[in-house]
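Visitor: I'd like to learn how to read a protein structure feature by feature. Could you walk me through one?

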Amino acid sequence: MTSHPPLHARTIIEPFRIKVVEALPHITAERRHFALSAAKCNPFLLRSEDILIDLLTESGTGAMSAAQWAAMMIGDETYAGSKSYYRLEAVVQALTGKRHVIPTHQGRAAEHILFGALIRRPGLVIPSNSFFDTTRANCEYFGCEALDLLYDEALDPRADLPFKGNVDLGKLRQVLDTRRADVPCVLVTVTNNRGGGQPVSLGNLKAVHDLCRQFGVPLYLDAARFAENAWFIKQREPGQCHRTAKEIAREVFSLCDGFTMSAKKDGLVNIGGLLCLDDDALADGCRTRLILTEGFPTYGGLAGRDLDALAVGLEEVLDEAYLAYRQASIRYLFDHLDALGVPMMRPPGGHAVYLDAGAFCPQIPAHQYPGLALTNALYLEGGVRGVEVGTVMFGKPRQGEPDECAPLELVRLTFPRRTYTQSHVDYLIEVIAEVWRNRAELSGYRITKQRAVLRAFTAEFEAVV
Ligand code: F0G
């Protein structure tokens with residue numbers, strides 16, 4: 001018996017064939033220049049008709065299967081007591097063991113409802129490995145501190161470690177020791193999107209669970225990418241390779257008291273979210289809030305057909321041929337770029353490759369946004385849209401001075417699920433290689449217009465010449 005899974009002797013292929021296609025637009029270099037300047041040099045403001053390969057996000061941008069489309073046709077649009085809800089409830093309960101299954105229109109609605117119910121006074125703190133932006137914003141909205149407790153080495157993009165999403169147990173114990181009464185829950189994000197799609201190990205989760213039990217604090221998961229996390233555990237954690245991804249996912253869910261989930265990721269649907277928990281009184285409070293903002297508890301902001309598509313998606317996502325292909329396609333891009341010497345966050349995450357723009361174009365200072373410069377160069381070179389995850393997104397403007405910079409200047413190339421094929425990735429490699437060859441020519445940007453909150457989505461830029 002080995003502790004590693006067998007190496008695949010043959011190419012790992014897309015484990016599907018294509019039944020419906022969507023044409024990609026042919027866009028000339030001239031058209032791309034025009035489109036980017038019309039978008040004020042902010043890729044968020046581009047129109048999809050001007051994009052050839054869109055790697056902005058994998059949230060809600062994947063392809064549904066024939067089985068999911070078929071399930072949508074039997075969606076029951078009854079307002080209260082829909083059959084679709086009970087089908088979804090059964091699938092979620094079998095996978096996660098949670099008693100209360102509350103659908104929401106997407107992940108952030110589940111976060112808003114949960115935090116609204118859990119955060120009952122000012123001065124509280126929720127420790128986490130790392131909060132995703134909307135999760136942090138929802139936590140802070142209710143006056144609670146959102147605390148990131150990753151191990152220090154997880155912040156080093158070059159540290160090639162298997163579980164960079166792990167919670168630093170020493171830091172967590174310290175918070176629980178000193179501020180137990182202020183901690184309404186601990187939240188663990190699987191995988192850690194903010195930190196590069198890095199997984200959390202089963203061992204780490206068990207240790208967090210034990211600490212939470214010891215201090216009497218509930219443990220919640222942000223489970224948007226639970227299947228990718230389970231696959232990494234199977235691949236990388238000693239003793240786990242002979243278990244199925246589904247068995248591992250079940251164990252992960254058994255360790256938490258509840259979870260929020262953006263179903264737009266590992267739910268394999270274009271819209272949807274879940275809030276699931278065991279605590280009856282808390283669930284009751286959450287359902288009251290749900291009725292105020294989302295809808296009746298058996299549809300929660302979704303159509304009946306969306307609930308059915310999600311019920312099927314949650315089963316399909318744990319198919320190991322799919323998970324192996326998904327990880328292999330991200331690894332394929334990473335390995336080719338690594339051979340060219342392109343600097344990236346290591347190891348590649350479960351849903352994206354993150355280019356290290358700070359190291360890619362060191363001539364551009366952080367306050368002139370190297371990540372944006374690289375993102376825009378990729379678009380101009382090949383019509384590829386990535387997303388800056390650096391000072392534009394996380395830096396802070398300062399009066400009369402350059403921005404306060406983000407810790408890392410990254411560009412996320414996110415893989416929508418079951419959407420692009422290997423030749424798309426080959427094309428992407430050619431585009432990145434060309435920009436890499438000409439990297440000395442890249443120059444920075446300055447902001448001409450921005451909002452005080454979440455500026456990345458709407459800011460306008462001009463090139464620094
Ligand atoms: N939690 C995580 C870990 C996420 O990555 C996201 C969304 C959410 C919660 C919020 O879910 O969008 O359904 O409301 N991430 C997307 C992204 C937007 O591009 O990474 P949502």
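This is a predicted model: local features need pLDDT of at least 70, side-chain atom pairs count only at pLDDT 80 or more; totals for chains, interfaces and linings use all residues.

Visitor: Let's start with the big picture. Which domains does the domain assignment give?

Guide: Domain bounds here come from an automatic or database domain assignment. In this chain, domain 1 is 13-51 + 319-463, and domain 2 is 66-316. Their centres, taken over C-alpha atoms, are separated by 27 Å.

Visitor: How many residues of domain 1 are in contact with domain 2?

Guide: Contact means heavy atoms within 4.5 Å. By that rule, 25 residues of domain 1 are in contact with 34 residues of domain 2.

Visitor: Now cavities. How do I read those?

Guide: Rolling a probe the size of a water molecule over the atoms shows where empty space is left. Here a cavity is a set of points, on a 1 Å grid over the protein atoms alone, where a 1.4 Å probe fits but cannot get out; lining residues have an atom within 4 Å of a point. Grid points are joined across faces, edges and corners, and a volume is the space filled by probe spheres set on the points.

Visitor: Which residues line the largest cavity?

Guide: The lining is Asn42, Pro43, Phe44, Leu372, Thr375, Gly386, Val387, Glu388, Val392, Met393, Ala456 and Phe461. The elements giving two or more residues to that lining are helix 14 (370-382), strand 11 (387-389) and helix 15 (391-394). Helices (H or I, at least four residues) and strands (E, at least two) are DSSP runs, numbered from the N terminus.

Visitor: How do the residues of that lining divide into nonpolar, polar and charged?

Guide: Ala, Val, Leu, Ile, Met, Phe, Trp, Tyr, Cys and Pro count as nonpolar, Asp, Glu, Lys and Arg as charged, and the others, Gly among them, as polar. That gives 8 nonpolar, 3 polar and 1 charged for the largest cavity. The second largest cavity, about 50 Å³ in volume, has a lining of 3 nonpolar, 3 polar and 5 charged residues. Among its lining residues are Glu58, Lys264, Leu268 and Arg418.

Visitor: What about backbone angles?

Guide: Most residues other than glycine have a negative phi, and most peptide bonds are trans. Leucine 268 has a positive phi, near 55 degrees, and sits in the loop between strand 7 (258-262) and strand 8 (273-277). Arginine 418 has a positive phi too, near 60 degrees, in the loop between strand 14 (410-414) and helix 16 (422-437).

Visitor: Which peptide bonds are cis?

Guide: One joins valine 190 and threonine 191, with omega about -20 degrees. Threonine 191 lies in the loop between strand 5 (186-189) and helix 7 (202-215). Another runs from arginine 346 to proline 347, with omega near -20 degrees.

Visitor: Is asparagine 129 buried or exposed?

Guide: Buried means under 20% relative accessible area, exposed over 50%, and partly exposed in between (1.4 Å probe, protein chains only). Asparagine 129 is at 0% relative accessibility, so it counts as buried. It belongs to the loop between strand 3 (125-128) and helix 5 (133-141). By contrast, glycine 170, in helix 6 (residues 169-179), is partly exposed at 49%.

Visitor: Which polar contact does the side chain of asparagine 129 make with serine 128?

Guide: A polar contact is a pair of N or O atoms within 3.5 Å; within protein, one must be able to donate a hydrogen and the other to accept it, and residues adjacent in sequence count only if both atoms are side-chain atoms. The side chains of asparagine 129 and serine 128 make one at 3.2 Å. A polar atom of the asparagine 129 side chain also lies 3.0 Å from the backbone oxygen of glycine 165.

Notes:
Residues are numbered from 1 along each chain as its sequence is written. Side-chain values use heavy atoms; hydrogens and water are left out. On a 1 Å grid over the protein atoms alone, a cavity is a set of points where a 1.4 Å probe fits but cannot get out, and a pocket is an open set with protein on both sides within 12 Å along at least five of seven lines; lining residues have an atom within 4 Å of a point.
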